[in-house]
Amino acid sequence: MSLLLAVIFGIGFGYILYRVGGLDYRNIINALTLKDLSIPKFMILSVAITSVGIFSLRLIGLVSLDVITANPLGNILGGLIFGIGFALVGYCPGTSIGAMGEGKKDARYTVLGGIAGVFIYTLAQQYTGFSIAAFDIGKLNLVDIIHLNSFSVAIIYSIALVLVIYMVDYWEQKKSSIN
Amino acid sequence: MKTKWSWVTGGIVLGVLNILIFISGNHLGTTTAYAQTTGYITQFFSDSFIPISSWTAGTCGTTGILQVSWQWMLVLGIFIGGFLGKVIHGKGVTEIIPDPWIERFGNRPRLRTTHAFIGGFIMLIGARLAGGCTSSHIISGMSQMAISGLLFGVAVFASGIPAAILLYRRNGR
């Protein structure tokens, strides 16, 4: 049953986040203060692997994409705002849930704050009628920009991401050998 | 925690898990679950205060009805996953306030609670505006090479890094 699978996948995701240190405030803050970029490297490596995986499987029809609509105003402004909250608390909406499961008392306040945030946002949207839908530009991905077949773009993309990870890794090691 | 996974191990395991999630026809995300939960709570107090469609309208969520969705169950799983991790591997008491926070701000539980609440508040405002969070935009979206995910991901670090440096590196680099 699909919902049971969701729980199982969630347990896997939560467990992975726990084991890699993603539920730990200090690892997030160390990443954002550029002291230890393990968590971003972990995230980007997973993206590179998933990307190759899904674009290969897509060739044989096993995977179909579900891209979130690009909205430059929303994606960028929302991301900038998100980043501030992220730096303040050291959890994200997902890791705060996992941390709550782990028993961290501060995480539950992040979840509560998140619920309050959704409430206020929806209320504001309702009463002012504001909408940024005008800035929607469609469910775009890189294939819409780089006009090659999607599998090739995915390969180039994944290689580029891995290169970035290793450059960051190299920089970190140089930094620590200087100190 | 003694047996911590390296970022390489974690990246590979998550990469594979995420592929399985795509094969199942779903994708990672948490903000729709937040919206649905908030909607349920509001509906509990007042049927008509905010129409049901507002919760899942716009950029978060794809159905017009409140329901315990796939993503809600995924988020429940994340909670259990954290719990399991602690039960299997964790030793000792789980801290109330992280030590580095205490070093920076002092042993002030109520301030930490305030930070935690405000941080969550700000993040979900940003997530609603952006149409997703780190799970849906970065882990899921960037795997699909989505422009929305790429823009969001860059923006999060573009503000998160300066914000964190300002907040935490007061005592010199």
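Which residue of chain A forms a salt bridge with R112(B)? The partner is D106(A), with the closest N and O atoms 2.8 Å apart. A salt bridge here is a side-chain nitrogen of Lys or Arg within 4 Å of a carboxyl oxygen of Asp or Glu.

This is a predicted model, in which local features need pLDDT of at least 70, side-chain atom pairs count only at pLDDT 80 or more, and totals for chains, interfaces and linings use all residues. Residues are numbered from 1 along each chain as its sequence is written, chains are lettered from A and ligands numbered from 1 in the order in which they are written, and side-chain values use heavy atoms, leaving out hydrogens and water.

The R112(B)–D106(A) pair crosses between chains, from helix α6 (residues 109-130) of chain B to helix α6 (residues 105-128) of chain A. Helices are DSSP runs (H or I, at least four residues), numbered from the N terminus. R112(B) is buried, with a relative accessible area of 1%; buried means under 20% (1.4 Å probe, protein chains only). D106(A) is buried at 4%.

Over all chains the count comes to 5 salt bridges, including these:

| Pair | N to O distance |
|---|---|
| D169(A), K41(A) | 2.5 Å |
| K41(A), E172(A) | 2.6 Å |

K41(A), D169(A) and E172(A) are linked in a network of salt bridges. D169(A) lies in helix α7 (residues 150-178) of chain A, 128 residues from K41(A) in helix α3. Both D169(A) and K41(A) are buried, and E172(A) is buried too.

Helix α3 (residues 38-59) of chain A also holds F42(A), which is buried with a relative accessible area of 2%.

How values were computed: Helices (H or I, at least four residues) and strands (E, at least two) are DSSP runs, numbered from the N terminus. Buried means under 20% relative accessible area, exposed over 50%, partly exposed in between (1.4 Å probe, protein chains only).
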